[in-house]
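Good morning, colleagues. I would like to take a few minutes for one structure, and I ask you to keep it in view while I speak.

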Amino acid sequence: GLPISTYAKYCYRKLQKVAVTGGKKGLRKPTVEEIAHARNAIVTPSLFGSSLEEIMLRQQDMYPGNKLPWVQTQLSQQVLALGGEQTEGIFRIPGDIDEVNALKLQVDQWRIPNGLSDPNIPASLLKLWYRELEEPVIPQQFYKECISNYENPDAAVAVVQLLPELNRLVLCYLIHFLQIFAQPSNVGRTKMDVNNLAMVMAPNCLRCQSDDPRIIFENTRKEMSFLRMLIVHLDTSFIKGLV
């Protein structure tokens, strides 16, 4: 029942973004479900698949003082509240897909249910949120600099300081979160050391635009190493208590 002009304005805005950031990787046609979800997003933008700026704009009415996306902080806190830092295989073992989808629908309505018991559910949804961001936490224009400094701690940290303020805060919150899991006392229980954490989270923060399998394979190693540098060396103490 929406006027065509509403669709046109929405598509034009998306097209302007694509012209700057490039299209999503792959040439697969969207499914009927994806089209339906995109159509609903015109009226009620989802917290998933949007840009960080859109998410922050959407939460202005409910959480005007927040400096970080509500969905990021809430899901992260849920993982910890359910003992995720003591759960073997956290972030590696996926949560039940039906339960993850059910939680996603509730989070999109600004609700966190009380009945959660498995930390793998919010952990899986948190990974999905990072992965589905319209533009990755580390914007595409910084990608080459990241993979060029994957062995240099000082240079890797310097890249973070160059990011736009919102991206920098979101990334630092994520790294601070992962640093909790990287503590030796937790690694003994989770079996997820800093290398494993970097391996599962790097694809959600950096996106290689190449279609060449050799380049993808080589860059995957560099992406993991870059994120590992941040987990080990980035000072995120300022992020404590920030919402």
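Predicted model: local features only at pLDDT ≥ 70, side-chain atom pairs only at ≥ 80, totals over all residues.

Helix H11 itself spans residues 194–201, and its buried residues are Val194, Leu197, Ala198, Val200 and Met201. In an α-helix, residues three or four places apart point the same way, because there are 3.6 residues a turn. What, then, covers the buried residues of H11? The cover includes helix H6 (120–132), helix H9 (165–181) and helix H12 (213–233).

I turn now to the aromatic rings. The structure contains 7 aromatic pairs. One of them joins Phe91 and Phe177 edge-to-face, with 5.9 Å centre to centre and 80 degrees between the planes. Phe91 belongs to the loop between helix H4 (70–81) and helix H5 (97–107), while Phe177 belongs to helix H9, so this pair ties together parts that are 86 residues apart in sequence. Are these two residues, Phe91 and Phe177, buried or exposed? Both are buried.

A further edge-to-face pair is formed by Trp129 and Tyr130, at 5.0 Å centre to centre and with 65 degrees between the planes. Trp129 counts as buried because its relative accessibility is 0%, and Tyr130 counts as buried at 0% as well.

Two further items concern rings. Tyr63, Trp70 and Trp110 are linked into a cluster by ring pairs. Finally, Lys104 lies over the face of Phe48, 5.1 Å from the ring centre.

Notes:
Residues numbered from 1 in each chain as written. Heavy atoms only, no water. Buried < 20%, exposed > 50% of the residue type's maximum accessible area, 1.4 Å probe, protein only. Helix = DSSP H or I, 4+ residues; strand = E, 2+ residues; numbered from the N terminus. Contact = heavy atoms within 4.5 Å. Phe/Tyr/Trp six-rings, centres within 6.5 Å; stacked < 30°, edge-to-face > 60°. Lys NZ or Arg CZ within 6 Å of the ring centre and 35° of its normal.
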